[in-house]
Amino acid sequence: MAAAANEVSSYLARRARWSPLEIAFWVFAFATIWLFPGKYLIMKDAAILALFALSLDLILGYAGIISLGQAAFFGLAGYFSGIVAQHGLINEPVVSLICAALVAAALGFVTSFLVLRGSDLTRLMVTMGVALMLGELANRFSNITGGADGLQGIDIGPVLGLFRFDMYGHNGYIYCLIVLFLCFLVARRIVYSPFGLSLRSLKGNPLRASAIGIPVNRRLIAIYTVSAGFAGMAGALLTQTTSFCSLDVFSFERSADLLLVLIIGGTGYLYGGLIGAVIYKFLQDWIASLTPQYWQFWIGFVLVVIVLIGRERIEQWTAALRATIYRFGKQLLTRPAAVGDAARKGN
Amino acid sequence: MPILQTLGLEKRFGGIVAVHDVSLSIEQGARHALIGPNGAGKTTVINLLTGVLRPTAGSILLAGQDITALRPHQRVRLGMARTFQINQLFLDLTPLETVGLAVSERLGLGSDWWRLVGSKSAVTDEIVEILERFRLADVMQERTAILPYGKQRLLEIALAFACRPKLLLLDEPAAGVPDAERQELLATIDELPADVTVLLIEHDMDLVFSFADRISVLVNGGLLLDGAPEDVARDPRVKAVYLGEELDA
C-alpha cells in the first residue's frame with residue numbers, strides 16, 4: 001500500500017515536472033535577447049502572437065472550445081490600453097496591461113454564455129460574430145477610437161517607471177517576453193491542476209464528466225474567461241509596444257491566423273502556440289522578403305502541405321531529432337559528474 | 001427510510017409513453033436489480049434517476065430529499081453515481097488520472113487551479129485504495145484507450161465508485177466482457193462495500209440471481225413486479241413476458 005502510494009504520488013509529481021527540453025526552450029527564448037539584437041521587432045511580434053495563441057490553446061487544446069473570435073478580446077484590450085494612455089489615465093504599461101486583461105476577461109465572461117450553447121459550428125459562428133460586431137462598433141464610434149485612421153497620439157510611459165520603449169524594440173521585446181513567460185507559468189499551473197485535469201476530462205467526454213459530478217458549464221465559463229484575459233494581454237502588448245491601435249486588431253484574419261498557428265504548432269501541450277507563432281512569423285517574414293506581393297500564396301501552400309503530410313508524421317520526425325538532442329544533453333550533464341566521482345574515488 | 005424512492009415516475013417522448021407510473025423503493029444497503037426485456041424502458045429509468053432526462057410526471061427522492069429538479073452533477077454530489085452500458089471513459093487519461101480526477105472533484109478541489117493534482121495525501125491515498133480495490137494498480141499508468149476491455153469495465157465502475165456514492169447504479173456492468181476477464185469483474189462487484197447500495201440493471205440472469213437480494217421487473221414501461229429473487233423466478237407473469245422469452249430462445 002505504501003509502495004503504491006509512493007508510486008502514485010511520484011507519478012503525479014512527474015507529470016508536472018519541467019523536462020530538460022522545456023528548460024532549454026526557455027533558456028534559448030531569453031538568450032535571443034543577446035543572440036539576435038537585429039531581430040527585436042519581429043521577435044516581439046512573435047512573442048505577442050505566441051501569447052495570443054496560448055490563449056486559444058487553453059480553450060481549444062484543453063477544453064475543446066473552438067473559436068474564431070479571439071480577436072474580440074485582443075482588440076478590446078488593445079483599444080482599452082490605447083485609450084486610457086491617450087487620455088493620460090494610465091500610462092504605466094504594467095498597470096494598464098493588468099486592467100486591459102481584466103476588461104477582456106469581463107467580456108469573455110459575458111460572452112461565454114453564448115459560447116456554451118451549441119456545437120463546434122455554432123461556436124465558430126458566435127465567436128466570429130462577437131469579434132465582427134466589436135470591430136464594427138469601433139468603426140462606428142470613431143470619435144473615441146479614431147475609426148479607420150486608428151488611435152493616435154498614445155503616450156506610453158516607461159515600464160514600472162524605469163524602462164522606456166526604444167525604437168529598436170529592445171525593451172519592448174524583453175517586456176513582451178517576460179509577460180509571455182509569466183502567463184505561460186500561470187497556464188502551466190492551470191493545466192496540471194485538478195481544474196486543468198477536469199477540463200481535459202470534459203473535452204474528452206462531457207457526458208461522463210457531468211456524471212462524476214463536474215459542473216461542466218461552470219468550468220467552461222472559467223477557462224473561457226481566463227483565455228479572454230490572456231488574449232487581452234496580447235492585444236494590450238501590441239498597442240503598448242507600437243503606441244498605435246487600429247481597426248485590424250478586431251479583424252477576422254487575426255483570429256484565423258491564430259488557428260493556423262495552432263495547426264502548425266499543435267494543441268494541447270502549451271508549446272504548440274509558442275512554436276507555431278515563431279514558425280509562422282519567421283516564415284511570413286522570409287517569404288515576404290522573397291516575394292513581397294505573393295507571400296500569402298506561399299503561406300497557404302505551406303499550410304496545405306502541413307495538413308496533407310499530417311502533423312503527427314512531422315512530430316515523429318522531430319521526435320527522433322529530439323531524442324538525439326536529449327541523449328546528447330544527458331551525456332553532457334552526466335560526464336562532469338562521472339569525472340567528479342572518479343576524482344573522489346582517487347582520493 | 002429507503003435510500004431511493006420514485007413516486008409515479010412517467011416519461012413521454014412526444015406521443016410515446018416510455019415509462020409510466022414507476023414507483024420504486026430501494027432500501028439502504030440493498031443489492032437491487034432492475035430487469036426487463038429489451039425496450040422495457042430500463043435505460044429511460046436510469047436516465048431519469050441520474051437527471052439526464054426530466055420526468056414528465058412524478059418525483060425522485062434520494063435519502064428522503066427531493067432531487068427531481070436537480071442537474072446530473074448535483075445528484076452526484078448528493079450521493080448517486082452511475083456506470084454506463086457502453087464505456088464512457090476519458091480515453092486520453094490514465095486510470096490513475098481518471099480516478100484522481102473523480103477523487104479531487106469529490107473532495108471539492110475541482111476548481112483549484114493552482115496546486116498540482118494529488119498534492120494532498122488524502123487524494124493520493126484514496127486513489128491507491130480505489131485502484132487496488134478495482135484491480136487496476138498494475139495498469140494505472142497506461143492510457144485508458146489501450147487497456148483490455150475487462151479493465152476498462154473495471155475502470156468504468158471505479159470511476160463511479162470514486163464519487164463515494166450512497167447509491168451506485170450499475171448499467172449492465174458485465175456486458176461484452178470476454179469470459180477470461182469476467183470472473184475478475186464479477187468478484188470485484190461482489191466485493192463492493194456493504195454500505196453502498198447497488199441498483200443493477202442487467203440482462204444476464206446468472207449475474208442477477210447470484211447478486212441481487214431484490215428484483216424489480218419492468219415491462220412495457222411499467223413495473224410488473226417487485227420482490228425477492230425466488231418470488232420473481234416463480235412468478236408466472238415474469239416467466240411469460242421475460243424468462244419465457246429466454247427459454248424459447
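Q: Which relation holds between H3(A) and H11(A), roughly parallel or roughly antiparallel?
A: Helix H11 (residues 216-242) of chain A packs on H3(A) at about 170 degrees, with the axes 9 Å apart. Axes are lines fitted to C-alpha atoms, for helices over the stretch in contact, and angles between N-to-C directions run from 0 to 180 degrees. Under 35 degrees counts as roughly parallel, over 145 as roughly antiparallel, 65 to 115 as roughly perpendicular, and the rest as oblique. H3(A) and H11(A) are therefore roughly antiparallel.

Q: What kind of model is this?
A: Residues are numbered from 1 along each chain as its sequence is written, while chains are lettered from A and ligands numbered from 1 in the order in which they are written. Local features need pLDDT of at least 70, side-chain atom pairs count only at pLDDT 80 or more, and totals for chains, interfaces and linings use all residues, since this is a predicted model.

Q: How many residues of the contact of H3(A) with H11(A) are nonpolar?
A: On the H3(A) side, the residues include A:Ile48, A:Leu51, A:Phe52 and A:Leu58. They meet residues of H11(A), among them A:Tyr224, A:Phe230, A:Met233 and A:Leu237. Ala, Val, Leu, Ile, Met, Phe, Trp, Tyr, Cys and Pro count as nonpolar, Asp, Glu, Lys and Arg as charged, and the others, Gly among them, as polar. One residue of this contact is charged, three are polar and 16 are nonpolar.

Q: How many helices are in chain A?
A: Helices (H or I, at least four residues) and strands (E, at least two) are DSSP runs, numbered from the N terminus. Chain A has zero strands; its helices number 15.

Q: What is the radius of gyration of chain A?
A: The radius is taken over C-alpha atoms, and the globule rule is 2.2 Å times the number of residues to the power 0.38. For 347 residues the rule gives 20 Å. Chain A comes close to that, so it is as compact as a globular protein of that length, with a radius of gyration of 22 Å.

Q: Why does the end-to-end distance of H13(A) agree with its length?
A: Helix H13 (residues 271-290) of chain A has 20 residues. The expected span is 1.5 Å times one less than the number of residues. That should give 28 Å, and the end C-alpha atoms of H13(A) are apart by 28 Å.

Q: Which helices are among those that cover the buried residues of H13(A)?
A: A residue is buried if 20 or more other C-beta atoms lie within 10 Å of its own, exposed if 12 or fewer, and partly exposed in between; C-beta atoms are placed from the backbone. In H13(A) the buried residues include A:Leu274, A:Val278 and A:Tyr280. Their cover includes helix H3 (40-62), helix H12 (252-265) and helix H14 (295-309) of chain A.

Q: What is phi of A:Leu270, near which value?
A: Most residues other than glycine have a negative phi, and most peptide bonds are trans. A:Leu270 sits in the loop between H12 and H13 of chain A. It is buried, with 20 other C-beta atoms within 10 Å. Its phi is positive, near 70 degrees.

Q: Which helix gives the largest share of the side of chain B that touches chain A?
A: Two residues are in contact if their C-beta atoms, placed from the backbone, lie within 7 Å. The contact takes 29 residues from chain A and 40 from chain B. Elements of chain B that give two or more residues are helix H2 (72-77), strand E7 (80-82), helix H3 (95-106) and helix H4 (121-133). The largest share, eight residues, comes from H3(B).

Q: How many strands are in chain B?
A: Of the 249 residues of chain B, 47% count as buried. Its helices number nine and its strands eleven.

Q: How far apart are the C-alpha atoms of B:Val45 and B:Ile201?
A: B:Val45 lies in helix H1 (residues 42-50) of chain B. It is buried, with 28 other C-beta atoms within 10 Å. Leaving aside neighbours within four places in sequence, its contacts are B:Val19, B:Val22, B:Leu34 and B:Leu218. B:Ile201 is 156 residues away along the chain, and the C-alpha separation is 10.0 Å.

Q: Is B:Leu136 buried or exposed?
A: B:Leu136 is in the loop between H4 and helix H5 (149-161) of chain B. Leaving aside neighbours within four places in sequence, its contacts include B:Pro95, B:Leu154 and B:Ala158. With 23 C-beta neighbours inside 10 Å, B:Leu136 counts as buried.
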